[in-house]
Amino acid sequence: MKRFDLSLYLVLDPGLCAGTGMVNTALAAASGGATIIQLRDKQAGTASLIKTGRALKAALAETGALLIVNDDAEAAIAIDADGLHVGQNDMAARDARKQIGSSMILGLSVETEDLAAAIDPAIVDYAGIGPVFATSTKPDHKPPIGIDGVARLAGACRVPAVAIGGLTATHAEDVLAAGAKGLAVVSAICGTPDPRQAAASITDAIRKARA
Ligand code: TZP
Ligand code: MG
């Protein structure tokens, strides 16, 4: 049984993190309570992802936060990451699982109830569901599902779900009440003046919502 905590899932964006840097942002977020850090860099090739991922892995080693690599199974393996996350337009979850083996965490993005229901818990460990709200961080995103959609998709999938898209600390209560196990964020942490404080305020909102 894999153990992971989806509570506050930071997706790194190299553009938004340019000032602070991805490693410093990840470290600050982890010290503010982020439980999972995803390395997502659509422009980087595998070699560059591996370089950044290894630096992240070393930096996060003492923090307890897990490192998940977006899209690139080869990089995830070379980094010895805790997991891999794939979308519907990336490699098929079944192929990803074959490549990474049984012990690595595998996440899959789903944007509809049908896709959520189709997740095989023998293959996929968690679902990323969204976008909850429209967001400029991912300009090509699918139509927003809203909080109602979080309830529908989280209810349809047989694995724990983390919600993403336009989320801030103010949404913690609604998102968790709808059945997601956590919030995934980019701009609520990346590129803010104080990523540790930004993460801490979301962590606090999650703690209050669960109390
Ligand atoms: N997938 C769906 S929405 C999104 C991704 C990667 C971006 C979320 O960014 P933000 O800044 O938290 O709205
Ligand atoms: Mg992807």
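Two residues are in contact if their C-beta atoms, placed from the backbone, lie within 7 Å. The structure described here is a predicted model, in which local features need pLDDT of at least 70, side-chain atom pairs count only at pLDDT 80 or more, and totals for chains, interfaces and linings use all residues. Residues are numbered from 1 along each chain as its sequence is written, while chains are lettered from A and ligands numbered from 1 in the order in which they are written.

Confidence comes first. The predictor's confidence in each residue is its pLDDT, on a scale from 0 to 100. The chain averages a pLDDT of 97. A score of at least 70 is reached by 100% of the residues. For the complex, the predictor gives an ipTM of 0.97 and a pTM of 0.98.

Several positions are annotated in UniProt. Such positions follow the numbering used here, feature names are shortened, and annotations may be inferred rather than shown by experiment. An unreviewed UniProt entry lists Gln38, Leu39, Arg40, Asp41, Lys42, Asn70, Ser109 and Lys138 under "binding site". Asparagine 70 is found in strand 3. Helices (H or I, at least four residues) and strands (E, at least two) are DSSP runs, numbered from the N terminus. Leaving aside neighbours within four places in sequence, asparagine 70 is in contact with Gln38, Leu39, Arg40 and His85.

Burial is judged by counting neighbours. A residue is buried if 20 or more other C-beta atoms lie within 10 Å of its own, exposed if 12 or fewer, and partly exposed in between; the C-beta atoms are placed from the backbone. Asparagine 70 is buried because 22 other C-beta atoms lie within 10 Å. Lysine 138 has 18 such atoms within 10 Å, so it is partly exposed. Lysine 138 sits in the loop between strand 6 (126–129) and helix 6 (146–156).

UniProt also places a "binding site" feature, again from an unreviewed entry, at Asp71 and Asp90. The two are spread over 20 residues of sequence, yet they cluster in space, with a largest C-alpha distance of 6.4 Å. Aspartate 71 occupies the loop between strand 3 (66–70) and helix 3 (73–79). It counts as buried because it has 20 C-beta neighbours inside 10 Å. Aspartate 71 has a positive phi of about 70°, although it is not a glycine. Beyond four places in sequence, aspartate 71 is in contact with Val86 and Asp90. Aspartate 90 lies in the loop between strand 4 (83–86) and helix 4 (93–100). With 17 C-beta neighbours inside 10 Å, aspartate 90 counts as partly exposed.

Ligand 1 has its own shell. A residue is near a molecule if its C-beta atom, placed from the backbone, lies within 6 Å of it. Around ligand 1 there are 15 residues, the closest being Thr135, Thr137, Gly165, Val186 and Ser187. The shell divides into seven nonpolar, seven polar and one charged. Here Ala, Val, Leu, Ile, Met, Phe, Trp, Tyr, Cys and Pro count as nonpolar, Asp, Glu, Lys and Arg as charged, and the others, Gly among them, as polar.

The interior was examined next. A nonpolar core is a set of buried Ala, Val, Leu, Ile, Met, Phe, Trp, Tyr and Cys residues joined through C-beta atoms within 7 Å. The largest such core has 76 residues, of which Leu10, Ile37, Leu84, Ala163 and Ile202 touch the most other members. Helix 1 supplies the largest share of this core, six residues. Helix 1 (residues 22–31) is mostly covered, with seven of its ten residues buried. They are Met22, Thr25, Ala26, Leu27, Ala28, Ala29 and Ala30. These pack against strand 1 (8–12), strand 2 (36–39), helix 2 (46–60) and helix 8 (195–210). Glycine 33 follows helix 1 and has a positive phi, near 110°. Isoleucine 202 is in contact with Leu8, Ala169, Ala172, Leu183, Val185 and Ala188, leaving aside neighbours within four places in sequence.

Two backbone details remain. The peptide bond from glycine 130 to proline 131 is cis, with omega near 0°. Proline 131 belongs to the loop between strand 6 and helix 6. Aspartate 80, not a glycine, has a positive phi of about 60°. This aspartate 80 is exposed, because 11 other C-beta atoms lie within 10 Å.
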